[in-house]
Amino acid sequence: MEKFSSLARFKSSCPFLGGTKTSTLRALGSAISPRFPSISQLTERAASCPIMGPALVMRSTQMVAGYASVAGQADVQNIHHSKGIFPGTSVSEADISKCPHASAARAAARMADDLAAASTTKAPEAKKEVPSTAQRAAAAGCPFHKAAAAKEQPVKLSEVTETQTTPATPDAYKYDKFYAAELEKKHKDQSYRYFNNINRLATKFPIAHTASVKEEVQVWCANDYLGMGNNPVVLETMHRALDKYGAGAGGTRNIAGNSAMHLGLERELATLHRKESALVFSSCYVANDATLSTLGSKLPGCVYFSDASNHASMIQGIRHSGAKKEIFKHNDLDDLEAKLKKYPKDTPKIIAFESVYSMCGSIGPIKEICDLAKKYGALTFLDEVHAVGLYGPRGAGVAEHLDWESHQMAGQTFEPIKDSVMDRIDMITGTLGKAYGTVGGYVAGSRNFIDMIRSYAPGFIFTTSLPPATVAGARASVIYQKHHVGDRALKQVNVRTVKERFAALDIPVVPGPSHIVPVLVGDAGLAKVASDKLLCEHGIYVQAINFPTVAVGEERLRVTVTPRHTAEQIDGLITAMDTVFTELKINRISDWAKLGGRANVGIGKESVEPIWSNAQINTAGQPQTLHDGDMALVDVNVVQVVRKSFEDLLGPIELSETETIQMKVEAVLMTGAVEHIAGALPKKVKAPRIPVNPIDMPVAPTVAVSA
């Protein structure tokens, strides 16, 4: 990050610094420029300043000269020679990387190039020559760059800027001007999207580092809802598949990318939803778009009935189909029925809706929509993206959750449960990139329906298939959650805690029965500043959500609570959010009530009964929130189920006698019967709960990971 204590001294003399909030400066300073990767967005802006720009270029040039001159000194050359490095005879990456002086010179020169480009982008009239990185370093005496510089010619700045901004033909359309105007619109309405550099750490979930590997923050907005992205048996399976099948799939499914791994995942997903068949796509956006566009274009005279809050992928799919569409008010059954009545029963109709709406947390009236579909001869298309893995005794989604007892009794059988809600849904789409922690999407339904989409959908036919290792990890995750309810039950416990504590502080959460925790801000600029303050001042990453994802005036911070967030981390989130709301004077529930309410906040609907009942949560044995230092145990019985499922392709995992005993101990611990194995451990095994690096899982007898 920039040295903000130094920047503060110049606020009174610099209009930009003086008129920009410190939190915004911090955010710009921590974000890498998309055009100039060696500098931050803040430095990029400073480079365009008539005062700061030349100063930055001058200073960077001095740095290059300083590093390069050191690299060219005789005593330093002797050091090079003693290590078998002979500058001047080679300018290879290997040689440069061995010398800290040359590496520093190269990095400084790259920064100088970027600063020069950033500071002169808006000055096409300049005619100076711009030396390259090698030329600049060589001129200062760096022997590593002399050979490369000799082969290069100076580049005129006018040529660079004209190439970037001016078309070859003088009368041609000004494309760059168009791009700049469109971006300016986003900046003016404060809907411009900033992408933070967040790198989630596999062994420290939910911790990540920013652009600096030394700066760690807590992630409170990722869609890896259960932490399956670093579940040990998922990583283990991916490592084994990678070693056996390599990095890529080899092509599209019909050419070279249709492997046993892909077919196995599709069988797993079909049985998850108790459907005849399933088809895997590169993402659920593609699955929705491809399925809806193909189906709507093939069914003669098809009419779509789409919920007003549907995801962009569904909207695009319906638009691409060319079919007629009717948009009904969000979750409004009367409006839906009124629109269905307008068409004869023999007209092909498809009702497209979601189970969990991710930005408001509401849940679709699935059973009632199925009733209307039957009454008016329509098909049902249900998007369970934000529900698979999270609801139901096997993680099949809200449609399964609504008939919990029936599906629980049916266990892992693949036969449909007649007249259950899930059985009545014709098409179900889901993702592998959220609760299942990997990547990909899918659609499940009847055998003929799936085969038709497979045969006609361009989004499936012409896309390279997912890599085998990714597919293996996704299937391992699905299997694990099919047999283990503990993660999603603990998630619900933590979600309830966070919602209750926000309510106690009058912090507005858009009410809903799901796991979604949308904290209403109500202003795009405020939401961005609040997000920046949480990140820069409290080490908490929560992204601001604005238009077009949500309506103007309903901007929010979408908080994601996982089973791996600890009690202490929850305390920190609550305190930080309260502080930011106070400092920025953001409206609380009572303030919205005085204004008549917004987004269902402040109208007396804050208390909503969650879809998970206490009895359903307790099927996992009264899950308890973790504390810092606690181990998040993985169910070893289910680990064995996952491993068994891959034996035909990846072979068995051999365990030593000690490792086998260890696994049995863990299995007993999961049932709470510790006293029965008190004397069963060999002396070398001191404790049955041992934190391990998930990457080491192929040889690890214990599958606990640190919270």
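This is a predicted model: local features need pLDDT of at least 70, side-chain atom pairs count only at pLDDT 80 or more; totals for chains, interfaces and linings use all residues.
**Salt bridges**

- Start with Lys339 and Asp335, whose side chains meet in a salt bridge at 2.9 Å, N to O. The two residues sit four apart in helix H17 (residues 333-340), so about one helical turn separates Lys339 from Asp335. Both Lys339 and Asp335 are buried.
- Asp532 is buried, with a relative accessible area of 3%.
- Glu554 and Arg556 make another salt bridge, this one at 3.4 Å, N to O. Are the two partners buried or partly exposed? Glu554 is partly exposed at 26% relative accessibility, while Arg556 has 3% and counts as buried.
- There is also a network of salt bridges, and it links Glu268, Arg475 and Lys482.

**Another look at helix H26**

- Helix H26 also holds Val529. Val529 counts as buried because its relative accessibility is 11%, and the cut-off for buried is under 20%.
- Val529 and Ala544 are 15 residues apart along the chain, and 8.7 Å separates their C-alpha atoms.

**Largest cavity**

- The largest cavity holds about 90 Å³ of space. Which elements give two or more residues to its lining? They are strand S6 (277-281) and helix H23 (458-461).
- If you want to find the spot in the viewer, the lining residues include Arg253, His262, Val280, Phe281, Gly459 and Phe460. Ser282, Thr463, Thr464, Ser465 and Leu466 are also among them.
- By class, the lining of the largest cavity has four nonpolar, six polar and one charged residues.

**Second largest cavity**

- The second largest cavity has a volume of about 50 Å³.
- Its lining takes in Arg200, Phe205, Pro206, Val219, Cys221, Ala222, Asp224, Thr560, Thr562 and His565. Sorted by class, the lining of the second largest cavity has five nonpolar, three polar and two charged residues.

**Surface patch**

- Tyr173, Tyr175, Phe178 and Tyr179 make up a nonpolar patch on the surface. Together they have about 460 Å² of accessible area.
- With 38% relative accessibility, Phe178 is classed as partly exposed.

- For context, most residues other than glycine have a negative phi, and most peptide bonds are trans.
- Pro206 is in the loop between strand S3 (199-200) and strand S4 (207-209).
- Phe547 and Pro548 are joined by a cis peptide bond too, with omega about 10°. Look for Pro548 in the loop between strand S15 (544-545) and strand S16 (556-559).
- Where does Asp419 sit? The answer is the loop between helix H20 (404-410) and helix H21 (421-424). Asp419 is exposed, at 59% relative accessibility.
- Lys585 is another residue other than glycine with a positive phi, here near 55°. Its place is the loop between helix H27 (567-584) and helix H28 (589-594). Lys585 counts as exposed because its relative accessibility is 71%, and exposed means over 50%.

Definitions and conventions. Residues are numbered from 1 along each chain as its sequence is written. Side-chain values use heavy atoms; hydrogens and water are left out. A salt bridge is a side-chain nitrogen of Lys or Arg within 4 Å of a carboxyl oxygen of Asp or Glu. Buried means under 20% relative accessible area, exposed over 50%, partly exposed in between (1.4 Å probe, protein chains only). On a 1 Å grid over the protein atoms alone, a cavity is a set of points where a 1.4 Å probe fits but cannot get out, and a pocket is an open set with protein on both sides within 12 Å along at least five of seven lines; lining residues have an atom within 4 Å of a point. Grid points are joined across faces, edges and corners, and a volume is the space filled by probe spheres set on the points. Ala, Val, Leu, Ile, Met, Phe, Trp, Tyr, Cys and Pro count as nonpolar, Asp, Glu, Lys and Arg as charged, and the others, Gly among them, as polar. Patches are made of residues with over 30% relative accessible area and no salt bridge: like charges are joined within 9 Å, nonpolar side chains (Val, Leu, Ile, Met, Phe, Trp, Tyr) within 5 Å. Accessible areas come from the Shrake-Rupley method with a 1.4 Å probe; for residues, only the protein chains shown count as cover.
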